[in-house]
Amino acid sequence: MADKETKSDAAADGGKKKRNKGGGVILFMIMFGLSFWFIFPTLVLFLVGLSPTFIAFLIDNDRQKFATVAVASMNAAGITPFMIDLWTKGQTMETVFQILREPLNWLVIAGAAGIGQLIVFAVPQAVASLKLAHAESRLKILKANLESLKDIWGPDVGTTKPIDRGGKQ
Amino acid sequence: MAAQDVVPTLAFGTGLPFGTRTEMFPVLPFPDLQAPGGAAFAAQSKGDTSPGLVAVLCNKGLPPRADSLTAMRNIDHPSVLRLMDNGVVDWPDGVRYFALAYQRPLSPRFKQTINEPHQLLSEDIINHSFVTPMIGALLEFLRTGVVHHGIRPTNIFWRIGAGAPQLGECLSAPPGLGQPALFETLERAMSTPMGRGTGVHADDCYAFGVTLALLVLGHNPMKDMDERGVIQTKIERGTFGALIGNTRLSPTQSELLRGLLVDDARQRWTAAELEQWLGGRRLTPKNTDVGRRASRSIEFAGKEYTQARPLATAMAGEITQAMRIIENGILDKWLRRALGDEISAENLVDAVASLKESGKTAHYDDQLVARACIALDPSAPIRYRGISVAPGGIATLIAEALMTGSDVQALGEIISTQLVTFWVNMQKDLKTDMVPLGQQFERMKALIEKTSFGSGIERVLYELNPGLQCISPIVRTQYVITPKAMLPALERIAATPNRPPEPMDRHMAAFLIVRDRRSEVLFDAMTASEASPRKGVAFLTLFSEMQYKHGPDSLPYLAQWLLPFLEVSLRRYFSKALREKLQKQVRDTASRGDLGVLLRCVDDFQMVERDQQEYLAARLLYLNILKEITGIEGSLANRGNVVQNEGKPAAVSFSGYLAIIMVFAAILRAVWQNLQG
C-alpha cells in the first residue's frame, strides 16, 4: 500500500517537473519573442563576433572540443567591450555596423580568439612537461624507497610468496 | 711400601684434591692395594700430616657403586676399611675419574690368591680372631643395608695374630665383579660377573661362609676347577658338600658352616642369626639342600640329567635341542613322571602358552627356551641369547655394554619381551618382594620402545642405574654424576678446540630427564635440523634453566658454543637492522656467559610478533609503491595522454579564467569612460 503511494507520488513529481521544464521553455520562447527586436543588434554583434569560434569549432577534431571552448571563452571576452559600447550608445543596427566596420575592432576580437588558440597550443604542452617532470622526480623517490625497503627487510620484501614460518619461527 | 714412607715428606701442592677434604698423589701408586675398579694411590686428608689414606681411582671404565656410598660412609667398624671420602678427581691425563678414599689397611692382604694355602689354625684362634670381628662387620652391613659383595680371602687385610681382619673396598666396581664364582651363591655365580646386580645380605653371609671354610681347611678344595666346574660341583653336591666334603669338623664349626653355606637363601643364616650363634645359642644346622633328583634321567645333548637346575643350564646353551624336547613334550613328561615336579611342569606350560599368546615371532626359539629355563629353575638368572643375568644386574650390564660400545640388542629384548616380569611371576615365596622390580621393568618396557630423544635404551640406563655418571661421549671424560656438574663440564669442553658440534646427545638428554626431572618435550625440539631456530632456543632454554637452578653464574664458552644455533634463531627476525642489533647484543651477552639474558635476547616472542607485523606492512607498502611506479612509468611513456587528459582541461580552465579577467577589464573600462565623461 505504502509502495503504491510512494510510486504514485513519484509519478506525480515527475509530471510536475516535466510540466515545469516545458513551462520554462515556453516562458523563455515568449520572453525571447517579445524581446527579440530589443536584443537583435546585440545578437547580431555577438554572432558575427563569434565567427572565429565557429571556425575553431569546425577545425577542432577533438571529441571533447577543448580547443573550441578555450577559443570561445576568449572570443567572447574579446567581444565584451564592444557589446558594452553597443549598449551604452543605444542598441541600433547602425552602431553594430559601425563597430563591425572598424578593422581595429576585428583585430581585438580575433586577437582574443587567437590568444585562446595560443593557450590551447601552449598550455597543454607546458602542463604535460610539468607533470612529467614531477612524475620523474616522484619515480626516483619511489625507486629509492623500494631500495630502502629491501635494505631494511631483505629482498624477500618484494615478493608475494607466503612467509616462511619453518625457517623464521 | 717405600711409597708410604715418602708421603709425609711430599709437598702438599703435588696432591690432586677430590671429595670434600682429600688429596691423592698420582706419583705414589700402591700396587698391593689395587681394587677391581682401578689402581690405588697414596692419599691424605687436607691439613693432616699423617699419610693415613689410600685412594682407589676408578679408571677401568666400570661404573662404581654410587648408590652404596652414603651407607658405606656410615660404617665405622674396625673390621671394615672405612670409607673416608669420595669424589671426582682431575687426573693428569686430562680425564676426570671417580675416586674413593679409604683408611689405609693395617695389615697386608690375607692371601694374594684364593688358591694360596696357609697353616691350619686352631678353632679358638679362628673364632676369636676372625669369626667374631667378621660377624661384627656383617652386623654393621645388616644395620646400614650395605651388601659388600667382596668378602673373600684376597680382599681381607689380616695377619694372623695381629689384630682384627679388615674387609677391603667393594665400591669401585659393580657388585660381585671381582668376586670369583666360588664366593658367590649359585644363582649369582651363574650370572655373568657384570650382570650379578646388588644382591641381598644373605649373599655376604654366604661369601663369609666360603671364606671361613677355606680358612678352616687351610686350602681351597676347588682350586683345580675353573668357574664352570665350581658351579657344576656346587649344583650337584651343594656348597657345603662341595667345599667340606668328608673333612671332619668340630660340631661348632660344622654348625656355623652349614648355616652359612645353605644354597637356599631363605634358609641361610644372616648376621642376626650369627650374633645369636656367637652368644652361645645353638641353632639347628640346615641340611645341604641338593636339588630334587628324578627317578630316571633325561637325555639331553648327549648327557644324562637327573636334576632340573643342571638341565636348565644345559638347555640355555643348546637352543635347538632344547626346543625339540620342549615342543615334543619329552620335557613335560619327565618333569611330571620322573621328577614329580608338577609346579615346574605347569610353569613350563604357562611359559609356552604365554609366549604363543603374545604372538611374538622374533627370536621365538631363544625366548621360549629362556622362559622354559626360568620355569625349570626360577631362582637362576635369566638366560637369553648367550647372556646370563640376574634381573637386578641388567642395569649394570646395560651400563657396561653402552660404555664399551657392545651390542645391547639382547638386553633390550629381555626388557621389551617382559622376561623379567615372567621371572618375577615364577618366584615362589619371594614373589611379593620382587613385585616392585617387575613393575619397574614394565615401566622400562614402555620407555625402551619409545624412539624419541631422551628415551630408549639410554633412558633405561639412567633409570635403572641411579648412581651412574653420564656416559655421553661428549662429557664422558668429565665424570658428570649430578645435574649440577653438567654445566661446568660442558663449559670445560666448550673451552677445548676440538669440542663436538652439538652440546647435547641422547645420553645427556636421558640423564637430565631422569636426574634433573626435565620435561621430554623440551628435548624433542633438539632433534630438529640445524636450520631450525627451535633447536638453539631449546638448548638455551634448558641450559639457562639449569644455570639458574645450579649455577655457575657465568658460562662464556658454552654460550659461544651455542652461538651458531642462536644465529639461526635470529633469522626469524625479518628486519636487517633489528637482526644486526640483536646479533651484536647476543655476542656481547654470550661473552658474559649469562644464558638467561641470552635467551631473552633471542626468544622475545613479542618482538618476533611485532617484527612480523612490521614486515607484512612493509610488503604491502612495497606492493603499493610498485603499483604507483607502474602508473608513473605508463604516464612517462605516453605524453599524449597527459596532454589530452590533463593539459587540455587545464588550457580550458586557463582560458576561462583569462576571459573572465578580460570581461571585468572591459566593464571597468566602460565604467571609467562613463565617469570621465
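**Strands β3 and β4, chain B**

I looked up strand β3 (residues 40–45) of chain B and found that four bridges join it to strand β4 (residues 53–58) of chain B. The two strands run antiparallel. I noted that strands are DSSP runs of E with at least two residues, helices are runs of H or I with at least four residues, and both are numbered from the N terminus. Two strands pair if DSSP finds at least two bridges between them. For A40(B), I found V56(B) as the bridge partner in β4(B).

I also noted where this comes from. The model is predicted, with local features needing pLDDT of at least 70 and side-chain atom pairs counting only at pLDDT 80 or more, while totals for chains, interfaces and linings use all residues. Residues are numbered from 1 along each chain as its sequence is written, and chains are lettered from A and ligands numbered from 1 in the order in which they are written.

**The sheet**

I traced an open sheet of six strands in chain B, with the order β1-β2-β3-β4-β6-β5 and antiparallel pairing. I marked β1 (16–18) and β5 (83–90) of chain B as the edge strands, since each pairs on one side only. Neighbouring strands of this sheet are turned by 35 degrees against each other on average, direction ignored.

**Helices α24 and α26, chain B**

I looked up α24 (residues 556–570) and α26 (residues 595–602) of chain B; their axes come within 11 Å and cross at roughly 15 degrees. Axes are lines fitted to C-alpha atoms, for helices over the stretch in contact, and angles run from 0 to 180 degrees between N-to-C directions. The crossing angle therefore makes α24(B) roughly parallel to α26(B) (angles under 35 degrees count as roughly parallel, over 145 as roughly antiparallel, 65 to 115 as roughly perpendicular and the rest as oblique).

I listed A559(B), L566(B), S569(B) and L570(B) of α24(B) and L595(B), L598(B) and V602(B) of α26(B) as making the contact (C-beta atoms, placed from the backbone, within 7 Å). By class, this contact has six nonpolar, one polar and no charged residues (Ala, Val, Leu, Ile, Met, Phe, Trp, Tyr, Cys and Pro are nonpolar, Asp, Glu, Lys and Arg charged, the others, Gly among them, polar).

**Chain B against chain A**

I found 41 residues of chain B in contact with 40 residues of chain A. On the chain B side, α25 (576–592), α27 (605–637) and α28 (639–676) are the elements giving two or more residues. α28(B) gives the most, with 21 residues. I recorded the classes on this side as 26 nonpolar, five polar and ten charged.

Methods:
Contact = placed C-beta atoms within 7 Å.
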